Structures are given as C-alpha cells and as structure tokens.
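User: I am new to reading protein models. Could you take me through one, feature by feature?

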Amino acid sequence: MLGLVPLLFWLGGILAVTGLGLGIGAVVRANKGAPNRSMAILGTVLGGVGMLASVGGFFLTVAVFDRGPDRIEAGIDGDDPDLGGPYPSSEPWPSKSASPSQVPGLTSALPFGETFTYPNGVKVSLSKPTKYEPKGIIAREQVKNAVQITVTITNGSTAPHEVIYAVPNVRDDKGMTAEMVFDSGGGSSVPKMVQGSILPGESASGVVAFEIPEGTKSITADISAGTVLDDVKYAGPIG
C-alpha cells in the first residue's frame, strides 16, 4: 500500500524487499521440514507484489511532479474548478471582507455623533468631542488640554456580540496620535471601557479622554466595534 503512495514509494520498496527476503528464506526452511510453508509462500508473493507496487508508485510520483506545474499555471491563467469558473490572472483574489466602493464611515469619515451600522446589525457611534475636566489630583497636574468622547455599541444582531477592546484611535488636526488620559478621581474613573458580551437589542457605553495640543480645533478618530469588524472613521470639530 505504501508503494502506491506518491513520495512514499521508496518506503514501500524497502518493506517489500524485506518481506521478499524473509519469505524466500522461510520457503527454503519449509522445504527442509520447517512448518508454515503456506504462510512462507504467501509472504514471498506479497513481497513481490509490493515490489511491483513500489515501481508503480515511482512512475506515479514522476507523473505528479511533471503535471503539477502545468495544473498550477492553468489554475492561475485559466479556469480554476475550486473558484467555480474562469478567474482572470490580472484581477486580485477575492476578499471575504470586500466592501462596496463608497461607504460613509469606511471610505470616508462620518461626523461625530452619527451611528454606523455593520451588515450584521451591530452599531457603533462616537459622540461629539467635548472638553474634559480632570478630576483626580494627579490628573489635574498632568492633563492640560483634553477632550472626552462617549463610545456606544448597540447589538442589533440576533446573537450575543463579544467586545474585547473597543477604544478609538484619536488624532489631532495635524495627524498626530493623541495620548489617552487616565483619571480616577472624583468618584469616577476614565477610561470606561466597553467590554464583554452585549446581548441582542442591548447597548453598552463607555467614556474615554485624550490629551491634545492646545489650540486644536478638530480631531479624527477610528474605532472597531469588534475584533473582526472594520474600523469606522469619524471627524469633526471640538465643542
């Protein structure tokens, strides 16, 4: 059986030669009076069959290597049965997450405050950024100019939606990444992350704050409502 397997014919050949040698030796001993003559003959015959199978496996391996490149080239340039028809080599391979050419929120930024709905019904929104007033003693010393944003995720699908880490990436009007503010004073803490499982029909909200340069009039942000969901882009003024 191994002799007929491409690339493994040599292993089948070794076993066949071994079996043939042992079978012949057993037949010789059986002719001199040893028992199990029938089994010795059967072993010799199977060893010979194994040798023939290994030879066939060798030619089968050669045929596979000879035709393999042609099949690969034909699959790229012509019809590929796995794709269900012709697929031009000049076109990119299809993407499972291919998006329409123009989708506000994906190909262009949404204004802060608007809601984006994914195809599966999950919704995400970022509130209009407003000035953040630090509460804790340390935060009041370190935070000079910060804005806060409320993140809201609504599960409009029919199955629970898992959120691991839904925090926006914020940049100022010069494209520089803003640093997140950590503040635990005044009986509340920032950031408040949106995490865990959101049941169908329910919403979860969190608040995050980011330090930006003084004089910044507008910011941009992007956020994903789930690990396998696309990033949604937002932009707009502060206030």
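**Reading the model step by step**

User: What kind of model is this?

Analyst: It is a predicted model. Let us start with charges.

User: How many salt bridges does the structure hold?

Analyst: First the general idea. Side chains of opposite charge can pair when their charged atoms come close. Now the case here. The structure holds one salt bridge. Arg171 pairs with Asp222, and their closest N and O atoms are 2.9 Å apart. The pair links distant parts of the chain. Arg171 sits in strand S9 (residues 169-171), while Asp222 sits in strand S13 (residues 218-223), 51 residues apart.

User: Is Asp222 buried or exposed?

Analyst: Asp222 has 11% relative accessibility, so Asp222 counts as buried. Arg171 has 24%, so Arg171 counts as partly exposed.

User: In which sense do S9 and S13 pair?

Analyst: Strands of a sheet pair through backbone hydrogen bonds, either parallel or antiparallel. Here S9 and S13 pair in the antiparallel sense, over three bridges. For example, Val170 has Ala221 of S13 as its bridge partner.

User: How many bridges join S13 and strand S14?

Analyst: Six bridges, again antiparallel; S14 covers residues 232-237. Ala221 stands opposite Tyr234 in S14. Ile223 has Val232 of S14 as its bridge partner.

User: What is the order of the strands in this open sheet?

Analyst: The order of the four strands is S3-S14-S13-S9, and the pairing is mixed. Strand S3 (110-111) and S9 stand at the edges. Each has a single partner strand, so one side of each is left without a neighbour in the sheet.

User: Which residues have the most contacts inside the largest nonpolar core?

Analyst: The general idea again. In soluble globular proteins, nonpolar side chains tend to be buried together. In this model, the largest nonpolar core has 30 residues. Those with the most contacts inside this core are Phe116, Tyr118, Val124, Leu126, Ile153, Val232 and Tyr234. Several strands each supply at least two residues of the core, including strand S5 (122-126), strand S8 (161-166), S13 and S14. The largest share, four residues, comes from S7. Apart from this core lies another, of seven residues, among them Ala139, Val143, Ala146 and Val190.

User: Now the helices. How many residues has helix H1?

Analyst: Helix H1 (residues 9-31) has 23 residues. To read its span, go from the first C-alpha to the last. H1 reaches 32 Å, close to the 33 Å expected at 1.5 Å a residue. Just after H1, Gly33 takes a positive phi of about 115 degrees.

User: Which residues of H1 are buried?

Analyst: They are Gly12, Gly13, Ala16, Gly23, Ala26, Val27 and Ala30. Compare Trp10, which also lies in H1. Trp10 has 48% relative accessibility, so Trp10 counts as partly exposed.

User: Which residues make the nonpolar surface patch with Trp10?

Analyst: Leu2, Val5, Leu8, Leu11, Ile14 and Leu15 make the patch together with Trp10. The patch is about 580 Å².

User: Where is Gly48 found?

Analyst: Gly48 is found in helix H2 (residues 37-77). Its relative accessible area is 26%, so Gly48 is partly exposed. Now compare sequence with space. Gly48 and Val17 are 31 residues apart in sequence. Their C-alpha atoms are 7.9 Å apart in space.

Notes. Residues numbered from 1 in each chain as written. Predicted model: local features only at pLDDT ≥ 70, side-chain atom pairs only at ≥ 80, totals over all residues. Heavy atoms only, no water. Salt bridge = Lys/Arg side-chain N within 4 Å of Asp/Glu carboxyl O. Buried < 20%, exposed > 50% of the residue type's maximum accessible area, 1.4 Å probe, protein only. Expected span 1.5 Å × (residues − 1). Patch = residues over 30% accessible without salt bridge, like charges linked within 9 Å, V, L, I, M, F, W, Y side chains within 5 Å. Areas by Shrake-Rupley, 256 points an atom, 1.4 Å probe, with all protein chains shown as cover. Pairing = 2+ DSSP bridges. Core = buried A, V, L, I, M, F, W, Y, C linked by side-chain atoms within 4.5 Å.
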